[in-house]
Amino acid sequence: MIDFGKYLSRGDGIWWGQAAAEPRPLVDALITQNPRIGPIRAFTGLSWNDQLAVMPDRVSMVSYGGLGELRELSRSGRLDVVPCHYSALPRMFAERRLPCDVGLVQVAPPDNDGRCSLGIGVDYVADAVRHTPVLIAEINTQMPATTGTDTIPLQDFAAVLHTDRPLAEDPTRPPGNTDRAIAAHVAGLIEDGDTVQLGVGSLGTAVLDALAEHQDLGFHTGMITDGLLRLVDKGVATGRRKEIDPGLVVAGTALGSAELYRCVPELPARFLPTSYTHAPQVLSQLASLVSVNFAVEVDLSGQVGAEVSGGVYVGAVGGQVDFTRAAALTGRRSIIALRSRFRGASTIKARLEGGAVTTARADVDVVVTEFGAAHLRGCSIRERGKRLTAVAAPEFRDTLEKELSQL
């Protein structure tokens with residue numbers, strides 16, 4: 001195993017890739033060796049690594065949100081969240097505002113020229129690599145090579161670990177009846193030929209399934225999932241009418257099943273860094289853009305909370321604002337979808353309770369629950385409240401109407 005003491009010193013910063021691209025063997029070794037290295041700062045995004053919950057106190061964990069196992073760190077007060085748009089991550093690495101003395105990557109085996117692809121984990125990793133002096137790689141024979149982003153010469157890695165292990169699969173539960181009801185309303189707001197950005201999770205899966213009868217959809221999004229793979233196979237996701245990157249799915253990473261990862265090299269897709277996928281100057285060229293993002297809560301004016309629930313970080317600003325603002329200003333429309341109830345309470349509220357506004361009300365065109373779609377563009381505050389109350393869970397509507405009259 002690699003001796004991290006050769007590359008990390010007390011007070012240094014380290015980052016690694018997220019989700020299925022997380023170099024788990026390297027991260028686990030880092031956690032084991034940390035006591036003799038000393039205090040360090042570490043950055044990652046979505047993680048399914050349960051070892052993070054028992055990470056030594058000497059590791060200060062930094063992230064853009066509380067995703068996956070990072071929620072446990074948030075509950076224990078050990079997660080430092082940097083509230084930022086996903087599009088800001090490249091600049092933060094460039095300015096060394098995020099830990100970047102050492103980077104851990106999981107890559108595909110080198111090609112005939114001795115260069116390694118970042119595979120399904122391009123996103124912020126490709127941007128961070130440019131500003132990180134020491135790179136350590138897990139070369140996994142099961143990581144598929146992808147196109148769109150520069151490969152990394154084998155000699156650029158300070159050390160490598162060779163593995164042959166399956167990529168981690170997304171543990172998201174299948175969609176339920178409520179998810180499917182919401183998805184049907186969302187699908188009715190998307191037209192043939194639109195370019196779609198979509199959040200992930202069970203609700204994201206339901207929306208993709210609800211689009212199965214559409215035609216010539218394009219996708220410019222953060223993550224490729226199994227639901228999107230099915231639309232490609234059905235000939236729905238052709239990207240034929242996209243203003244830029246026609247005929248191609250554009251994304252930063254893949255998140256799903258072993259079948260998805262196996263099919264990635266065959267997809268008409270480009271895996272590109274965050275500095276492209278989320279850049280305002282890129283998104284503004286997509287006049288057909290429809291963003292579909294999810295929330296924890298929405299207030300009666302249309303403000304969106306997607307980060308905190310019960311005092312715990314369960315989400316992130318992420319790319320929501322990057323895409324909703326582009327879709328609302330220069331694209332087709334921005335959609336926020338959420339279940340009308342959570343743990344017996346309404347998710348449509350007089351005031352946000354999470355303590356943070358993720359997306360401003362001016363960037364929200366439509367809010368969708370299982371009870372319908374509230375169209376907000378061009379509406380006054382009071383009219384917005386009426387429309388949002390109409391799609392709240394029925395048992396909460398009388399209370400919301402009273403609260404609306406007092407706003």
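Let me begin with strand E21, residues 333-337, which pairs with strand E25 in the parallel sense over 3 bridges; strands here, at least two residues of DSSP type E, and helices, at least four residues of type H or I, are DSSP runs numbered from the N terminus, and two strands pair if DSSP finds at least two bridges between them. Before I go on, please keep in mind that this is a predicted model, in which local features need a pLDDT of at least 70 and side-chain atom pairs count only at pLDDT 80 or more, while totals for chains, interfaces and linings use all residues. Residues are numbered from 1 along each chain as its sequence is written, and side-chain values use heavy atoms, with hydrogens and water left out.

On its other pairing, E25 meets strand E26, residues 372-375, in the antiparallel sense over 4 bridges, and a hairpin of 2 residues joins E25 to E26. In E26, Ala373 is the bridge partner of Val368. Which way do the side chains of E25 point? Val366 and Val368 point one way from this strand, residues 366-369, and Val367 and Thr369 point the other way, and all are buried, where buried means under 20% relative accessible area, exposed means over 50%, and partly exposed is in between, with a 1.4 Å probe and protein chains only.

Let me move to strand E3. This strand pairs with E2 in the parallel sense over 4 bridges, with Ile40 standing opposite Val59 in E3, and E3 also pairs with strand E4, residues 79-81, again in the parallel sense, over 3 bridges. Because 4 of the 5 residues of E3 are buried, the strand is largely enclosed by the rest of the structure. Ser63 lies in E3, residues 59-63, and is buried, with a relative accessible area of 1%; its bridge partner in E4 is Val81. What does the side chain of Ser63 meet? A polar atom of that side chain lies 2.7 Å from the backbone oxygen of Thr44, which is a polar contact, that is, a pair of N or O atoms within 3.5 Å, where within protein one must be able to donate a hydrogen and the other to accept it, and residues adjacent in sequence count only if both atoms are side-chain atoms.

Asp57, by contrast with Ser63, is exposed, with a relative accessible area of 69%, and is found in the loop between strand E2, residues 40-43, and E3. Asp57 and His214 are 157 residues apart in sequence, and 50 Å apart in space from C-alpha to C-alpha.

Asp216, in the loop between H6 and strand E11, residues 218-219, has a phi near 55 degrees, a positive value in a residue other than glycine, and at 13% relative accessibility Asp216 counts as buried. Asp245, in the loop between H7 and strand E13, residues 249-251, has a positive phi of about 50 degrees although it is not a glycine, and at 12% relative accessibility Asp245 counts as buried.

For the terms, on a 1 Å grid over the protein atoms alone, a pocket is an open set of points with protein on both sides within 12 Å along at least five of seven lines, and lining residues have an atom within 4 Å of a point; the volume is the space filled by probe spheres set on the points. Of the 22 residues that line this pocket, the closest to its centre are Asp170, Thr205, Thr225, Asp226 and Gly227. Helix H6, residues 202-210, and helix H7, residues 226-233, each supply at least two residues of the lining, and H7 gives the most, with 4 residues. The lining divides into 9 nonpolar, 9 polar and 4 charged residues, where Ala, Val, Leu, Ile, Met, Phe, Trp, Tyr, Cys and Pro count as nonpolar, Asp, Glu, Lys and Arg as charged, and the others, Gly among them, as polar.

Finally, the cysteines. How many disulfides are there? Taking a disulfide as a pair of cysteine sulfur atoms within 2.5 Å, the count comes to 0. For Cys84, the closest cysteine sulfur is that of Cys100, 14 Å away and therefore too far for a bond. Cys84 counts as buried at 6% relative accessibility, and Cys379 counts as buried at 17%.

Conventions. 1 Å grid on protein atoms, 1.4 Å probe; cavity = no way out; pocket = protein on both sides within 12 Å on 5 of 7 lines; lining within 4 Å.
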